Amino acid sequence: MADKPTMTTSAGAPIADNQNSLSAGPRGPLLLQDYQLIEKLAHQNRERVPERVVHAKGWGAHGVLTITGDISRYTKAKVLQPGAQTPMILRCSTVAGEAGAADAERDVRGFALKFYTPEGNWDLVGNNTPVFFVRDPLKFPDFIHTQKRHPRTNLRSPTAMWDFWSLSPESLHQVTILMSDRGLPTDIRHINGYGSHTFALINDAGERFWVKFHFKTMQGHRHWTNEEAAQVVGRTRESTQEDLFEAIETGNFPKWKMQVQIMPEADADKTSYNPFDLTKVWPHADYPSIDIGVMELNRNPDNYFAEIEQAAFSPSNIVPGIGFSPDKMLQARIFAYADAHRHRIGTHYEALPINAPHCPVNHYHKDGAMRFFPNNPNPAAYYEPNSFGGPVEDHRFDEPPLKISGDADRWNHREGNDDFVQPRALFNLFDEGQKARLFANIAAAMGDIPDFIEERQCKLFDQVHPDYGAGVRSARAAIKDRNPSISAPTDQTLADASA
Ligand code: NDP
């Protein structure tokens with residue numbers, strides 16, 4: 001036994017017997033003083049933190065970002081300078097499923113990155129799609145409710161999803177991507193990642209440019225049809241975790257080309273679309289992609305919980321040379337993500353090793369859960385300003401002022417927006433096979449939704465392209481022919497069901 005360490009309690013006391021609890025005789029009840037048993041059970045009770053409300057099922061790994069291009073005239077960010085190599089972690093996820101959900105589901109994939117830069121952590125918390133379902137964050141909780149379980153049946157509800165989408169034309173672009181081939185990827189090595197929001201780049205001269213970040217898979221795109229995915233889920237619910245872990249474990253490191261699209265600050269008033277609208281892309285013909293580097297994943301976590309489940313990504317984490325934009329969804333996420341982690345993991349979640357920056361951290365946040373990190377070097381400097389050498393602000397990091405003017409009002413986010421032109425551009429990229437699968441995937445996803453919702457949604461597809469609406473109607477008719485039991489409840493039966 002001498003070559004093995006002695007097991008201890010969490011307070012360090014040696015444990016003499018880890019096989020038998022303390023009881024009054026072999027047939028007798030347990031003694032409350034068996035604190036070792038109590039500690040063990042108490043810890044088991046506390047092994048979970050609340051799972052993420054969305055993006056609960058995730059997979060991740062460590063890696064490195066290497067910058068090979070030169071965009072130093074646009075940004076002073078050290079992480080984006082030519083030759084910079086930055087350690088990073090990636091966590092991908094499905095959106096709607098719970099922590100134990102099957103991986104091979106048709107769903108958007110989260111694509112969250114944390115770069116440990118010399119100037120603090122930079123988090124880019126995007127998806128495998130360049131756009132999103134809504135553009136105003138006031139719609140976000142309602143949208144997510146439609147993706148999660150119905151309060152009464154505790155089942156996912158196609159009626160809720162298509163009711164919401166058909167009442168929200170801004171969702172058409174993302175719905176089209178979700179229902180296309182790329183909506184059901186085989187794993188995360190074969191997907192693109194998009195920062196999705198518009199961010200800012202700021203250079204040494206204090207000039208601001210708008211930027212979109214893209215990560216293009218170097219493994220190529222791979223996806224499953226619904227039928228293939230059903231077979232995969234029957235075989236294994238962990239297909240993505242198995243794929244990623246195995247690839248990295250065997251040295252087959254996945255890589256992504258990092259690209260940016262850059263827009264001069266003044267162009268934002270000139271584009272026909274709002275460049276800060278999360279339901280829109282910037283067409284490549286207007287703002288071409290510029291290759292700037294390669295991201296490689298090359299190390300599996302040693303402890304999934306500590307390094308992936310507790311990894312906490314937030315768009316609020318930016319570094320000098322990278323800034324925010326007026327994108328309303330981004331603005332809301334800057335608040336909401338950090339807030340979610342304080343609730344989910346604890347007040348000082350950013351002091352955990354996986355979240356801790358690889359550079360000095362100097363702040364005056366004080367006590368609270370998990371306050372385990374040391375004081376400032378001089379403990380007398382626990383407020384600011386102080387006369388005892390505590391950390392101080394540094395105006396070298398001031399951002400140029402953001403010139404924004406406008407009347408504060410609840411501006412109608414649907415007015416003046418063309419929700420059809422960009423889904424149409426995507427639809428026109430699809431070949432006949434891709435279109436047929438798009439129609440079939442939508443028809444299947446509609447399940448047994450009421451006819452009036454189906455028709456309302458098809459009218460939106462008509463406005464994207466007449467072939468789109470016609471294709472979905474025809475795929476629905478084929479499904480209904482095969483399954484006459486798909487009933488079409490009227491408004492009244494819906495009302496009855498919820499009574
Ligand atoms: P381009 O022809 O220059 O670009 C088309 C883009 O579409 C490519 O980036 C391609 O990705 C991507 N794409 C291909 N198939 C799918 C799919 N099933 N789901 C999602 N994306 C796909 O045209 P534009 O820049 O003018 O954009 C046209 C449309 O392409 C947009 O309305 C948008 O729907 C989509 N798109 C545009 C992007 C952009 O940033 N401009 C980014 C992603 C999509 P890849 O390079 O990997 O083949």
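**Contacts, strands and a ligand shell**

Trainee: Which residues does isoleucine 248 touch, leaving out those up to four places away in sequence?

Mentor: Isoleucine 248 touches Ala61, Phe253, Pro254, Leu297, Asn298, Arg299 and Asn300. Contact here means heavy atoms within 4.5 Å.

Trainee: Before we go on, what sort of model is this?

Mentor: This is a predicted model, in which local features need pLDDT of at least 70 and side-chain atom pairs count only at pLDDT 80 or more, while totals for chains, interfaces and linings use all residues. Residues are numbered from 1 along each chain as its sequence is written, and side-chain values use heavy atoms, with hydrogens and water left out.

Trainee: Back to isoleucine 248. Where is it found?

Mentor: Isoleucine 248 is in helix α6, residues 239–249. Helices (H or I, at least four residues) and strands (E, at least two) are DSSP runs, numbered from the N terminus.

Trainee: Why does isoleucine 248 count as buried?

Mentor: Because its relative accessibility is 4%. Buried means under 20% relative accessible area, exposed means over 50%, and partly exposed is in between, with a 1.4 Å probe and protein chains only.

Trainee: How far apart are the C-alpha atoms of isoleucine 248 and phenylalanine 276?

Mentor: They are separated by 36 Å, and the two residues are 28 residues apart along the chain.

Trainee: How many bridges join β7 to β8?

Mentor: Nine, and β7 (residues 208–217) runs antiparallel to β8. Two strands pair if DSSP finds at least two bridges between them. Lysine 257 in β8 has lysine 216 opposite it.

Trainee: And how many join β8 to β9?

Mentor: Six bridges join β8 to β9 (residues 290–299), again antiparallel. Glutamate 296 in β9 is the bridge partner of lysine 255.

Trainee: Now the ligand. Which residues come nearest?

Mentor: His173, Asn192, Trp282, His284 and Gln422, out of 20 residues around the ligand. A residue is near a molecule or strand if one of its heavy atoms lies within 4 Å of it.

Trainee: Which atoms of histidine 173 and histidine 284 lie by an oxygen atom of the ligand?

Mentor: For histidine 173, a polar side-chain atom lies 2.5 Å from a ligand oxygen. For histidine 284, a backbone N or O atom lies 2.7 Å from an oxygen atom of the ligand.

Trainee: How much of the ligand does the protein bury?

Mentor: The protein buries 76% of the 790 Å² that the ligand exposes when taken alone. Accessible areas come from the Shrake-Rupley method with a 1.4 Å probe; for residues, only the protein chains shown count as cover.

Trainee: Which elements give two or more residues to the shell around the ligand?

Mentor: They are α4 (172–179), β7 and α9 (421–429). Of these, α9 gives the most, with four residues.

Trainee: What about serine 196: where is it found?

Mentor: Serine 196 is in the loop between β5 (193–194) and β6 (199–202). Its phi is near 65 degrees, a positive value in a residue other than glycine. Serine 196 is buried, with a relative accessible area of 7%.

Methods. A polar contact is a pair of N or O atoms within 3.5 Å; within protein, one must be able to donate a hydrogen and the other to accept it, and residues adjacent in sequence count only if both atoms are side-chain atoms.
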